[in-house]
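Here are some friendly notes to read alongside the model. I have kept them as numbered points so that you can check each one as you go.

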Amino acid sequence: MTKIHLCVRNYRDLFIPAGEANIVGRPTGFVRLTGCPLRCQYCDNEYAFSGREIIALDDILAQVKAYAISNVTVTGGEPLAQPKSIELMQRLFDDSYSVSLETSGAMSAEHVPLAVSMVLDLKTPGANEAHRNLWENLQHLTPQDQVEFVLCGRGDYDWARMRCDEHDIYTRVADVLFSLSYHEFAPRELA
C-alpha cells in the first residue's frame with residue numbers, strides 16, 4: 001500500500017471548502033502535506049514542519065471522494081518534498097478532479113503532470129529564502145499556471161516586477177499574483 005505523509009490535525013480536517021488564487025470562492029478540497037525545506041520569515045504553516053499523520057494514498061483518495069467537490073489543491077508545507085506527491089496529483093486527475101499545486105518553487109516541478117494547474121510561489125528577498133528559488137521551474141510553467149509573490153515591502157514589489165520582466169513571466173502564465181505579508185505591507189501601499 002502506497003503511503004504519503006500528511007500534516008493534518010485530525011482526519012476530518014483534511015479538506016476545507018474554500019479555493020485560493022484564481023479559484024478563490026470555489027469549493028475546493030485541500031490536501032496539506034507535511035515537510036518544507038524553507039523557513040520563510042512570514043510562514044503561516046509552521047505546523048507543517050514536523051507534525052504529521054501517515055495516511056495511505058488510497059485512503060486520501062477515498063476521503064476526497066466523500067466530499068462533493070471537483071477541485072483539489074495539493075499544498076503544504078512544500079508538497080514536492082513528498083516523494084509520492086506526483087502520484088497523488090496524477091491519481092486525482094485520473095479520477096476527474098481539477099487539480100492545483102501550491103509550491104514554493106524551491107524543488108523541481110519537472111514531473112508535475114501537465115494537467116495540474118501550478119501556483120509557483122517565488123520567494124522575494126523579504127522572505128529570507130529568495131536564494132532557494134529554482135529558476136529552472138519557470139520552463140515548466142504553462143498558460144494555465146500562476147506565479148505568486150508574497151511581498152514584505154516596496155523593495156519586494158520592485159524585485160518581483162524585475163523578475164517578471166527578466167523572465168517574461170507575464171506571457172507564460174494565466175495570472176501573476178501579488179500577496180501581502182500580513183502586518184508588513186499595507187494593501188493601500190501596494191495599490
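This is a predicted model: local features need pLDDT of at least 70, side-chain atom pairs count only at pLDDT 80 or more; totals for chains, interfaces and linings use all residues.

1. Let's begin with the overall layout. The chain has 5 helices and 8 strands, and along the sequence these elements come in the order β-β-β-α-β-α-β-β-β-α-α-β-α.

2. Next, burial and surface. Of the 191 residues in the chain, 49% are buried. The accessible surface amounts to about 9,600 Å², and carbon and sulfur atoms contribute 49% of that area.

3. For the contacts, consider those in the chain with a separation of 6 or more: 71% of them are between residues 24 or more positions apart.

4. Is Thr75 buried or exposed? With a relative accessible area of 5%, against a limit of 20% for buried residues, Thr75 is buried. Setting aside neighbours within four places in sequence, Thr75 is in contact with Phe30, Val31, Arg32, Leu33 and Glu102.

5. Glu102 leads on to strand S6, where its bridge partner is Val119. Strand S5 (residues 98–103) and S6 run parallel and are joined by 4 bridges. S6 also pairs with strand S7 (residues 146–151), again in the parallel sense and over 4 bridges.

6. How many of the residues of strand S6 (residues 117–122) are buried? The count is 6 of 6, so the strand is mostly covered. Ser117, Val119 and Asp121 point one way from S6, while Met118, Leu120 and Leu122 point the other way. The residues on both sides are buried, Asp121 and Ser117 among them.

7. Now to the rings. A pair of aromatic rings is described by the distance of the centres and the angle of the planes. The count here comes to 4 aromatic pairs. In one of them, Trp135 and Trp159, the ring centres are 6.2 Å apart and the planes meet at 50°, so the pair is tilted. Trp135 lies in the loop between S6 and S7, and Trp159 in helix H3 (residues 154–166), so this pair ties together parts that are 24 residues apart in sequence.

8. How covered are these two tryptophans? Trp135 has a relative accessibility of 26% and therefore counts as partly exposed. Trp159 has a relative accessible area of 15% and is therefore buried.

9. Phe149 and Phe178 form another aromatic pair, this one stacked, with 5.9 Å from centre to centre and 25° between the planes. Phe149 is in strand S7 and Phe178 in strand S8 (residues 175–180), so the pair links distant parts of the chain, 29 residues apart. Phe149 is buried, with a relative accessible area of 0%, whereas Phe178 counts as partly exposed at 27% relative accessibility.

10. To finish, which residues do the ring pairs link into a cluster? They are Trp135, Phe149, Tyr157, Trp159 and Phe178.

Note on methods
Residues are numbered from 1 along each chain as its sequence is written. Side-chain values use heavy atoms; hydrogens and water are left out. Helices (H or I, at least four residues) and strands (E, at least two) are DSSP runs, numbered from the N terminus. Buried means under 20% relative accessible area, exposed over 50%, partly exposed in between (1.4 Å probe, protein chains only). Contact means heavy atoms within 4.5 Å. Accessible areas come from the Shrake-Rupley method with a 1.4 Å probe; for residues, only the protein chains shown count as cover. Two strands pair if DSSP finds at least two bridges between them. Rings of Phe, Tyr and Trp (its six-membered ring) pair if their centres lie within 6.5 Å; planes under 30 degrees apart count as stacked, over 60 as edge-to-face and the rest as tilted.
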